[in-house]
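Could you take a look at this model with me?

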Amino acid sequence: MASAVEKYHISIIPFGPGAILVTWPPRIEEGILEDIILFGRVIADRLEKACEQVPAYHSLLLVFDEAVNTAEISDRLSGLYGSMDRKPLERRLWRIPVCYHPGFAPDMALLSERKGISPEEIVKRHTRATYTVYGIGFLPGFMYLGGLDESLVTPRRNEPRQKVSRGAVGIGGRQTGIYPQQSPGGWNIIGNSPVQLFDPLKKKPCPVGIADKVRFYEISREEHELLEIEVSAGVHKLKNEKWYD
Amino acid sequence: MIKVLAPGLFTTVQDTGRFGYRNKGVPVSGAMDSFSAVLANRLLNNDDGAALLEITMTGPELEFTAPTHIVITGARIRPAINQTLIPNNRVIRIHPSDVLSFGKPERGIRAYMAIKGGFGTPVVLKSRSLYFPVTAYDHLKKGQELGHEAFEGTVDELIEIKVNNDFLFGSSIPVYPGPEYDMLNAEEKEMLGRGFSVSTLNNRMAYQLEEQLPPNDYGIITSGTLPGTVQLTPSGRLIVLMKDCQTTGGYPRILQLSEQGICALAQKKYGDRIVFTMC
């Protein structure tokens with residue numbers, strides 16, 4: 001795959017006095033995401049001024065810890081982008097267990113009825129796709145996963161729920177994702193994962209990175225219960241492996 | 001140690017914020033009015049990043065068990081030690097069993113109480129700023145105890161210091177154009193200059209404004225946001241993100257407050273008027 005060798009037209013603009021926003025063409029595609037991550041690494045290695053990076057979809061936000069000369073840094077960024085080496089990106093594939101039992105899936109029946117697809121078939125299509133992490137935001141550890149099967153695309157609920165449970169797996173438009181904590185939320189809930197995607201007490205609180213891949217696999221209620229015990233005892237490890245395009 | 005006799009409306013421990021985890025969706029947090037927070041710490045010769053209390057509207061009642069020094073800055077909420085009023089912006093010597101209490105807010109709504117050496121509350125992801133669910137709770141509860149080092153020495157006692165913090169209490173909020181400012185048409189840009197009032201929905205995450213722009217269809221692909229980013233929703237509502245805001249969002253980012261602008265907005269309550277002023 002040559003997706004990472006393409007070069008894009010990017011725009012670099014100041015975002016207030018202490019931040020710079022780099023934007024790629026407004027498309028949701030893997031090549032752009034890889035380019036963003038690669039450029040982010042170049043910036044971390046070579047930009048003289050340290051900054052925090054928030055990559056998402058087609059943009060990279062750079063946040064400095066004080067007001068900076070945004071014009072000067074923008075020129076430098078432009079130069080770094082122009083001379084950037086494009087190596088293939090090393091990524092990981094995360095395998096995440098999900099229980100789709102009706103007790104965990106308050107929106108499954110409605111989704112099945114609206115789509116004319118059986119719950120079993122919805123699970124099949126939800127678990128056979130390989131998703132890409134296009135962004136992490138909304139909540140600590142909340143991944144925006146792209147790559148949802150076309151037939152499962154469903155708009156967000158008109159009335160968001162005040163309480164979506166921790167681990168809830170939902171569909172919101174063309175995206176799917178997992179609520180890492182209990183929170184209000186408007187996505188259609190079709191299952192629950194017992195794994196912990198964000199642990200503030202760990203040095204690396206969220207192992208998954210942007211541009212990584214995710215696949216779901218179905219587990220029973222009993223397996224869900226067992227995994228929950230493992231997770232709360234701190235002995236569960238997320239399954240992951242190197243991803244090759 | 002400090003005992004929380006009464007917690008107040010929303011009293012929270014903050015420092016300068018939690019940096020390095022935005023790419024995992026972790027809000028920055030930190031003092032809403034960083035000017036007043038840093039001032040309080042500097043008056044005590046603390047590091048700027050020492051943990052202090054952010055007090056909102058109705059102050060707490062706190063009992064000290066060890067000698068120390070404190071400074072109160074920001075909003076004037078009639079602070080008193082053992083019922084005797086104390087001034088803001090001044091180092092106050094504290095004796096064991098002193099009780100700090102507050103009255104009605106007279107100017108602004110967020111006060112800061114710094115303590116010599118800072119609070120020794122737990123560090124989570126390199127910061128003591130409270131933000132649930134990164135920390136186990138987000139504001140003080142009755143009966144809680146807060147640790148700090150006893151301090152029996154003297155701080156250079158500044159009898160009187162003049163602080164010019166009027167900008168915190170005026171209506172002017174300095175802003176820069178946001179990344180999507182130019183999506184707006186001339187009429188919408190003009191409307192942004194007319195002045196707004198703060199709605200009932202205002203907290204550490206965001207301040208929503210009462211007056212709206214016309215409905216629009218300016219959606220964007222989800223992208224990074226900052227404290228101080230002004231988002232425009234499809235219904236025309238303006239949402240100013242504050243220190244506990246999400247790290248990404250899908251609404252156009254039409255303005256960006258300066259740090260001073262964030263500090264000044266943090267001192268506003270429901271109904272207060274603000275005017276965006278381009279830097």
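Here is a friendly tour by topic, from the chain contact to single residues.

This is a predicted model, in which local features need pLDDT of at least 70, side-chain atom pairs count only at pLDDT 80 or more, and totals for chains, interfaces and linings use all residues. Residues are numbered from 1 along each chain as its sequence is written, while chains are lettered from A and ligands numbered from 1 in the order in which they are written.

**Where chains A and B meet**

- Chain A brings 32 residues to the contact and chain B brings 26 residues; two residues are in contact if their C-beta atoms, placed from the backbone, lie within 7 Å.
- On the side of chain A that touches chain B, the elements giving two or more residues are β2 (19-23), β3 (52-56), β4 (59-63) and β6 (131-136) of chain A. Helices (H or I, at least four residues) and strands (E, at least two) are DSSP runs, numbered from the N terminus.
- The largest share of that side, five residues, comes from β3(A).
- By residue type, the side of chain A that touches chain B has 23 nonpolar, eight polar and one charged. Here Ala, Val, Leu, Ile, Met, Phe, Trp, Tyr, Cys and Pro count as nonpolar, Asp, Glu, Lys and Arg as charged, and the others, Gly among them, as polar.

**Chain B as a whole**

- Chain B contains three helices and 20 strands.
- A compact globule of 279 residues would have a radius of gyration near 19 Å, and chain B agrees at 19 Å. That radius is taken over C-alpha atoms, and the globule rule is 2.2 Å times the number of residues to the power 0.38.
- Along the principal axes, the C-alpha atoms of chain B fill a box of roughly 60 × 35 × 30 Å.
- Of its 279 residues, 48% count as buried. A residue is buried if 20 or more other C-beta atoms lie within 10 Å of its own, exposed if 12 or fewer, and partly exposed in between, with C-beta atoms placed from the backbone.

**The two domains of chain B**

- Chain B is divided into domain 1 (2-166) and domain 2 (170-278), with bounds from an automatic or database domain assignment.
- The C-alpha centres of domain 1 and domain 2 of chain B lie 28 Å apart.
- In chain B, 18 residues of domain 1 are in contact with 15 residues of domain 2.
- On the domain 1 side of this contact, α1 (34-43) and β10 (107-115) of chain B are the elements that give two or more residues.
- The residues of that domain 1 side divide into seven nonpolar, seven polar and four charged.

- Within α2(A), Thr70(A), Ile73(A) and Leu77(A) are buried.
- These three cover an arc of only 65° around the axis, so they sit on the same side of α2(A); the arc is that of the directions from the helix axis to the C-beta atoms.
- Cover for the buried residues of α2(A) includes β1 (11-14) and β2 of chain A.
- The face turned away from the buried side of α2(A) carries the exposed residues Ala71(A), Glu72(A), Asp75(A), Gly79(A) and Gly82(A).
- Just after α3(A), Gly116(A) takes a positive phi of about 65°.

**Gly173(A)**

- Gly173(A) lies in the loop between β9 (168-172) and β10 (175-178) of chain A.
- Gly173(A) counts as exposed because it has 12 C-beta neighbours inside 10 Å.
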